[in-house]
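Visitor: I would like a quick tour of this protein. Please take it question by question.

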Amino acid sequence: MTWVGIARGSDGAFAALLGGPFILIGLALVAYAVEEIHRRAVLHRHGITVRAERTRPGVFTYVTADGVARTYRIKRQLLGIHLIHDPRKPHVAAHVSPWYFVAARLFLVLAAGIGTGALGGTVTFHTAWLPDTE
C-alpha cells in the first residue's frame, strides 16, 4: 500500500486500503469452496458412511472403522445423522446431504468469492493503476 501511495498518490493508497480486504475475503471464500469440493470428493471416493448419535445439542458421536469414538458438531437438532468419514483420516468427516444442496451451497460460496474478489480488484486496480484522465 505504501508503494501504491508513492506511485499513485493518496487516491491510489486509499483504493488499495479499500479494495484490499475485499480481495482477501474473496480469496478466502474461493479457497474454502475449493477445499470443501476436494474434501467432499475424497469422502465420496474413499468414505465410509456411519450413523452418528446425538450426545448433546449440536454434538454427535460416531465410531470409526477402527473402533474409536469421535465427535462431530453441526447445528441440527436431530437424534441421529449419517456421516461419511475417511478411514485413512477418521477426523475428516461430513454429514450426508443431497448432492444438489451441497452443489448449490458451494456454487454460491464460489460465486460470492469471485464476485467479492472482482469488486476489490476493480476498486483497487481501477483507481490505483489506470492513468489519470485529467
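**A buried histidine and its surroundings**

Guide: H95 lies in strand 5 (residues 93-95). Helices (H or I, at least four residues) and strands (E, at least two) are DSSP runs, numbered from the N terminus. This is a predicted model, where local features need pLDDT of at least 70, side-chain atom pairs count only at pLDDT 80 or more, and totals for chains, interfaces and linings use all residues. Residues are numbered from 1 along each chain as its sequence is written, and side-chain values use heavy atoms, with hydrogens and water left out.

Visitor: Does H95 count as buried or exposed, and why?
Guide: Buried means under 20% relative accessible area, exposed over 50%, partly exposed in between (1.4 Å probe, protein chains only). H95 has 16% relative accessibility, so H95 counts as buried.

Visitor: Which side chain joins that of H95 in a polar contact?
Guide: A polar contact is a pair of N or O atoms within 3.5 Å; within protein, one must be able to donate a hydrogen and the other to accept it, and residues adjacent in sequence count only if both atoms are side-chain atoms. Here the distance is 3.3 Å, and the partner of H95 is S97.

Visitor: Which residues is H95 in contact with, leaving aside neighbours within four places in sequence?
Guide: Contact means heavy atoms within 4.5 Å. On that basis, H95 is in contact with R40, Y72, I74, R76, I81, H82 and L83.

Visitor: Which residues make up the largest nonpolar core?
Guide: A nonpolar core is a set of buried Ala, Val, Leu, Ile, Met, Phe, Trp, Tyr and Cys residues joined through side-chain atoms within 4.5 Å. The largest has nine residues: V50, A52, F60, Y62, Y72, I74, I81, L83 and A93. At least two residues of this core come from each of strand 1 (48-56), strand 2 (59-63) and strand 4 (80-85).

Visitor: Which residues lie nearest the centre of the largest pocket?
Guide: On a 1 Å grid over the protein atoms alone, a pocket is an open set of points where a 1.4 Å probe fits, with protein on both sides within 12 Å along at least five of seven lines; lining residues have an atom within 4 Å of a point. The largest pocket is lined by 13 residues. Nearest its centre lie R40, H44, S97, W99 and V102.

Visitor: Which element gives the most to that lining?
Guide: Two elements give two or more residues to the lining of the largest pocket: helix 2 (99-129) and helix 1 (2-46). With five residues, the most comes from helix 1.

Visitor: Where is F22, and what does F22 touch?
Guide: F22 is in helix 1. At 35% relative accessibility, F22 counts as partly exposed. Not counting residues up to four places away in sequence, F22 touches T116, G117, L119 and G120.

Visitor: What is V123 in contact with, leaving aside neighbours within four places in sequence?
Guide: V123 has its place in helix 2. V123 counts as partly exposed, at 26% relative accessibility. Its contacts are A15, L18 and G19.

Visitor: What pattern does the protein follow along the sequence?
Guide: The protein has two helices and five strands. Read along the sequence, the pattern is α-β-β-β-β-β-α.
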